[in-house]
Structures are given as structure tokens and as C-alpha cells.
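Trainee: I'm new to this structure and would like a close look at one part of it. Could you walk me through the salt bridges, and then show me a residue in a loop for contrast?

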Amino acid sequence: MKRVPVILLIFSLFAPLATAGEEARGQEFVVNILPSPSNLNPQRISTTNEAQIALALFEGLLTYHPSTLGPMPGVARKWEWNKDYTRITFYLRENARFSDGTPITAAHFRESWLYLIAHNLPYASLLDVITGARALREGKGSPEEVGIVAKDPHTLVLTLTNPAPYILKFLPHTAFAPVASGMDLSRTWAPSRDLVGNGPYRILKVEKDRLVLEKNPQYWDQESVKIPRLVITSYDDPERVMRLFNGDAIHWVADGYDLSLLNNRKALVLNPLFATTFYFFNASTPPFDDPRVRRALALLVPWDELRSSDRYFFPTSHLVPQIPGYPEVAGITEPDEETALSLLQEAGFPEGKGLPVITCYAVEGGQEEIDILTRLWRERLGLQVQVKAFTSMQAYFNAMEKAPSFHLASITWVGDFPDPLTFLSLWESGGSLNYARFSSPEYDELLREANTTQGKERYSLLARAEEFLISESAVILPIAHSPALNLVDLDWIGGWYPNPLDIHPFHTLEFLPTELGPGVVRSEERGGIPQRLLFLTRSRKE
């Protein structure tokens, strides 16, 4: 057998990879996101993964700053408040167009938002602060009474029920993007070239496990979009994903990783996420509509074991993650059998007698945690617990929304905007995201009062509302705050910033110049990955 010179062998192995990388560099950005998107209707998106993809296809009046997440001009070039923050006027760009070339007008926003409100779709209740919006959402008003006015094709005026400067925080969400006439909002949208959006990219090809997007030539700021093509893969094979990432064929791994196979440790980006995992009771189903029953069960949970630091990075007893200036909230942190039994006696269920079989909804893989949560209920009260597992998040959400026969369910909620209201609005009576069907005039009044104030006073009232939820009514059982974990080499990729919402606008991304020459490959940096990170290696974002 002939021996190949070592230097020649090394060059022959690495040169093709470098050439392929150089050809793709600057032209195509590849990200692996799981699961593959099944819905891209911006008004009906329910998962963070679909929301991330939607950022490439849609843009609202405002968009996110990639680092701070503060509101930046989007379709609106500027906005103005009146003196008491009860009316805001948005001035739209005259060169804003949908991907089919149709000019975007203030009427598109008005009609899109009225549909969202009238059909009480997810996120509709955030617009309750607009006059007449809640009445329309609840079927008690008309579109003409809603304070959304298209003054002219490029001027949109919102009239609010009370001062609400915080609305600028949630308007970048794609649920509030304009929808082109002719797009059917009554259903979900599978990825298709026929999808008409207004974002920096449009769909070019739909393939198995691959969605290819190209720069949208109609986008108002298309000259600033530096990467011509996006490829969104959905490879559910960690070995394949890591091989492609290590070889620079995937540039960002949001899901589907195996950290034990990571070559470049510098590419591991871990940061706190504005998210909380919690269980919640269905407060519309007796006897769990009684706060005494809910609180009694919450006081019969082995919290130290359930919230163990061996299981979670950031175990917690409260709902809202830490925000500067937001008060510390007292939650339930330990069992109290004496108080629990007293509450059950008072509610008419002595020693738990008469309580029904508890039906718990879960996504496949959550059985162990449910066993810990309910162990004392079974051992001390003799309760029976049945678990109904779902194979997908979409099926899980659909079941909670359309067939509310559960007593207990869990969710990891990632905030949609950096404010406590993104968590607390979930529990407002009649809210469009109130899966618990919780209703409390006292709680609603706390939110209403908080949203008529600003600064420390507002945060204090919101904290009081949170304490009411988790301690007094016990409709929520907080478990942990979540970390965001991504693989992306920030020495090579610009415009990508770790942030609390794990939201990364695609139009700011770019390939950075590198000092490495053709054929030069970075050395491997194996080892040193913490065990708890390896535990997350096949986790899925919800």
C-alpha cells in the first residue's frame, strides 16, 4: 500500500470542507429548529419555534432590537403619544409592501387586528387595552366601536382605555403583523410558496425537513438584509446535526443537539430565559374551582424534591422570572399537611374523601415529574391520578383549548415581551390564553389597577397579583425558570445576541470576516461540558 504524505492527506481532507464553507459563506445561513413548522399563520402560532421562523416572514408596526428586545421601527417609521398616553399614532412607511408587491396600508393593520380580536385568537386579549376591543372579543360589541382607526393609508391611530405605554413591548410580536388580503386567517398555514408575508424573507422551497427562504425583494429595508438565503432544517438526529454543525454546514443549532459531540465549546451559548415551567389547575372544573382544594393540594407536594437543583438549573416558587425593580414574591415552598387537611375539611372533603380521579394532561416524557408531584396526594389522601400523554405540543394545546376535561396540566411559558404582564395576563378572566379558565374579580382588579399606573407602583401591584395567583388561589404550581441553550459561533456570526426571550431576528444576521485562511480548521475543544448541560442535550423547547 502506498503511503500518502501526511501534509497532503490533511489538505485533501479539509480543503473540500473549506471550499464548501467559503461558497456558502455570505450566501446561505442554516439553522436547525425542531419540530418542523406545521403552522405559519402569525395569528395562530403557539410555539416559540414557529414564532422564530415567523420573524423572517412577517413584520409588525414595530420589530425587536436583536439585543435589548426594545421596540424598533418596523412598518411604522415613527409613532407619537398624546400627553396622557391614551392615544398613539403610528406613521407607516410608504415603501412598505407585502411580498407580492401590494402596498401595506393602515387598513391592513386595522382589519387584521379586528379579525384577531373578534375571533378571540391567542394574544387577542393583549389588545383589550384598546377601547371597545374587549367587548368585541367577548361578542358584546362591534368593530365600529373599537379604537383602531385608519386615518389615512399611512396613519394608524389607537385609542386606549387607560395610559398604557407598555403596549410598545408586545407590538413587535408577529401576531400583530398585517395580513395580506386573500390569506385565510380561519385556519393554520402549512409552509408554502403561496404564503404572502411582509418580512425580510419569503419562502422559496419546501422540502422534507428543510424550508428554504430567500431575501424578499419587496421588503422596505431589503438593502440591509445581508444574507440572501436562509435554510431552516428540522433534523431530529443529534449525531447528524452535530456533524453538520462541527463541519460548519449548520450555523445555528436551536434544537436537536448532543453536547457531548460538540467540538468548539465557545459555540455553546447559555443564558437565563424569561420563561417558567409550571403546573396549573383547570379552575372551571369542580372541585378545583375551589381555591381551598387547590391550596390544600399545593401544600401536599414534596417541593424540595420536585424543585431539586439536580433536575433544574433555576428551580423557583414564583411565576415571573427576575426583573430589575420587580418585588420578590412569596410562593409555596414546603408541605404543610395540617393546613392542607384543615382546608379539605372546610371544603367538604375530609382526608380527601370525595375528591375525583385527577386527570393530568402531559406531553410524552413527563410521567416521572407527575409521579413526584402527586405522590403525597396518592399516599396521604388515597387519590387516583391518570395521565393522558400527547405526542406533540400542538395536540396538547388543542386538547386544553377544545376539550377541557383535564384537572391538571403543565406548560413552559416563554414570555412574548419583557414585562411581568406577559405571564400575569394569562390568568385574566376571559383571556384568550387562559387555559386554566381561572376567573377572579379581585385578580382582574389588581391587573386593571396596575395597568393604569407606571414604574414602581405598577410593579408592586403586579407582584401582589402574582402572589394572589400562586399563594392564595394556588391555581399555579411554579416549578422552574428555564435556560436558553443554543449552539452558534459568535466569532463567525454577527447580529445574533443572547437575550431573555431567545428571539433572534434573522434580518440582522451576517457572516463576520475571519482570520482563518482557506483550509485552516479550528482545533477541537472537547470536554468540560457540565453534566446538567449534557442532561439537556436532547431537550426540546416548548
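Mentor: What follows is a tour of some charged pairs, and then of one phenylalanine. Keep in mind that this is a predicted model.

Let's begin with the general idea: side chains with opposite charges can pair up when their charged atoms come close. In this structure there are 26 salt bridges, and we'll visit a few.

Start at Glu 138, whose side chain meets that of Lys 140 in a salt bridge, with 3.5 Å from N to O. How open is each partner? Glu 138 has a relative accessible area of 33%, so it is partly exposed. Lys 140 comes out at 66%, so it counts as exposed, the cut-off for that word being over 50%. This pair doesn't stand alone, either. Glu 138 and Lys 140 belong to a network of salt bridges that also links Asp 128, Arg 134, Arg 137 and Glu 428.

Next, find Arg 202 and Glu 214, whose side chains form a salt bridge at 2.8 Å, N to O. Here the pair ties together distant parts of the chain: Arg 202 sits in strand β8 (residues 201–207) and Glu 214 in strand β9 (residues 210–215), 12 residues apart. Arg 202 is partly exposed at 28% relative accessible area, and Glu 214 is partly exposed too, at 22%.

Now move along to Asp 290, which has a salt bridge with Arg 292; their closest N and O atoms are 2.8 Å apart. The two ends of this bridge fall into separate classes. Asp 290 has 15% relative accessibility, so it counts as buried, since buried means under 20%. Arg 292, with 29%, counts as partly exposed.

And now for your loop residue. Phe 58 is found in the loop between α2 (48–57) and β2 (62–64). Is it buried or exposed? With a relative accessible area of 3%, Phe 58 is buried. To see what surrounds it, leave aside residues up to four places away in sequence: Phe 58 then touches Leu 40, Pro 42, Thr 174, Ala 177, Trp 189, Leu 195, Val 196, Gly 197, Asn 198 and Gly 199. The C-alpha atoms of Phe 58 and Thr 174 are 6.3 Å from each other, although 116 residues separate the two along the chain.

Note on methods. Residues numbered from 1 in each chain as written. Predicted model: local features only at pLDDT ≥ 70, side-chain atom pairs only at ≥ 80, totals over all residues. Heavy atoms only, no water. Salt bridge = Lys/Arg side-chain N within 4 Å of Asp/Glu carboxyl O. Buried < 20%, exposed > 50% of the residue type's maximum accessible area, 1.4 Å probe, protein only. Helix = DSSP H or I, 4+ residues; strand = E, 2+ residues; numbered from the N terminus. Contact = heavy atoms within 4.5 Å.
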